[in-house]
Amino acid sequence: MKKVTKESVKRYDFAKKVKRIGLPLFLLTVIVAKAGLRGRKFTVIKNNTEGLKPPYLLLGTHLSFFDLNTLVLALYPHRINYVCALDAIRDHGEWLMRRLGVIGKRKFVADVRLLKNMKYSVDKLPDCVMAMYPEAKFSLDGTTSFIPSTMGKLAKFLDVPVVIANMHGNYLSQPQWNTEHKFDRTKDRPPLVTEITQLFTREQVRALDKDYIQSKIEEALQYDEFRWQKENNIVLNNPFRASNLNKLLYKCAHCGTEGQMTGEGVTLKCGACGKTWEMTELGELRALSGETEYSHIPDWFDFQQACVAEEVRSGKYYFEDEVRVDTLPGATKFYSHGKGRLIHDVNGFRLECTAYGEPTVVEWKGYEIDGVHIEYDYKRRGDVLDISTYNESYWVYPSKRDVITKISLATDEIFKYHCEQRQR
């Protein structure tokens, strides 16, 4: 068998020009999207869109795998060019994804080739929408995550109208921490709502300051799915609605112990102090005895984030673990490289492993990486971090239980910390 080396593996050509999706394939995607929402109540709300035609920049909230189906139907009959992560291209095949109008990228890696392809799309494929998800990852707790500070600058660069797609119900149908027991398979399935709003016309994009455009984009992309559920009295009687909730809420709100939470059925329990909470049919938490520290799940998540922020700023944050290491150099296959060691602290990430038969050390400085992609039980192989360089994606599986949410929060906080230090 031929030895696999860094030089021999097939890598993805990010510079290759994006294609316009052909009419037959476009109509097929519409049929597939409709099939994916079969039996679901789906509503499209449009604001300030009279006369809106491509090309325009579409910025969407990123909630679950339902996003693509709802977006295709909400924007019909407009065709779409998507910014898409490399692992999704690998899952569906590069040949097909390129013909679907996909522009590939590695998550949380700045790449001028992406900008060139986006500009090519709006200039040379004028009947296509240029769509992307600024958060670059599925929402963990059903609220808005980090929005890059470059969205206003991107809008000015593309020189097209800016449109927002704020989607509701997608997260409740399939929260990332509970994809095993999909809420959409139960009798009480949440309704789906996609709100399309033209935020700026092309003339406004040209006339307004990029910082003002940035602030309005951030404001328009705010959401809270659990609050939306309660406000609309959406009852979800899924008997497994709290299963794996420990992956999201890893720190006990009562005793502060980490990694001892267990989510099963409709309850979340701490293995250290024994306190138990029930997740209600309206998506709230209720302590079975004593005080309910946080009834709103995003508030518990914010508590964890505040704890991580304090650890980062006090210099106490440190993570080290033995990990399994895979790489995804292109859009064809993963390569397994056995065990390695991952270190994460205020300085950033350090991965020590053997890759393609060579001892390898990769470092990501804390001020260079503004987020990290995580997947819970990815393809039933375990919780994983996807940390990329310009030419390589490292998929790192920790040995420790329920740690990737904290690493994700810490990555965000470390980046904020370095930004604050630079401003000072």
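Predicted model: local features only at pLDDT ≥ 70, side-chain atom pairs only at ≥ 80, totals over all residues.
**Helix packing**

Helices H6 (residues 151-158) and H9 (residues 210-220) pack with their axes 7 Å apart, at an angle of about 115°. Their crossing is right-handed. On the H6 side the contact involves Met151, Gly152, Lys153, Ala155 and Lys156, and on the H9 side Lys210, Ile213, Gln214 and Ile217. By class, the contact residues comprise 4 nonpolar, 2 polar and 3 charged.

**Salt bridges**

The structure holds 31 salt bridges.

| Pair | N to O distance |
|---|---|
| Asp91 and Lys379 | 3.4 Å |
| Asp159 and Arg206 | 2.9 Å |
| Arg313 and Glu420 | 2.9 Å |

Asp91 is in helix H3 (residues 86-92) and Lys379 in the loop between strands E16 (373-375) and E17 (384-388), so their bridge ties together parts 288 residues apart in sequence. Asp91 is partly exposed at 33% relative accessibility, and Lys379 is partly exposed at 46%.

Asp159 sits in the loop between H6 and strand E6 (162-168), while Arg206 belongs to helix H8 (residues 202-207); the pair therefore links parts that are 47 residues apart in sequence. Asp159 has a relative accessible area of 18% and is buried.

Arg313 lies in helix H11 (residues 297-314) and Glu420 in helix H12 (residues 404-423), so this bridge ties together parts 107 residues apart in sequence. Arg313 is partly exposed, with a relative accessible area of 34%, and Glu420 is partly exposed at 29% relative accessibility.

Terms used
Residues numbered from 1 in each chain as written. Heavy atoms only, no water. Axes fitted to C-alpha atoms, helices over the stretch in contact; angles between N-to-C directions. Helix = DSSP H or I, 4+ residues; strand = E, 2+ residues; numbered from the N terminus. Left-handed = near helix turned anticlockwise from the far one by under 90°. Contact = heavy atoms within 4.5 Å. Nonpolar A, V, L, I, M, F, W, Y, C, P; charged D, E, K, R; others polar. Salt bridge = Lys/Arg side-chain N within 4 Å of Asp/Glu carboxyl O. Buried < 20%, exposed > 50% of the residue type's maximum accessible area, 1.4 Å probe, protein only.
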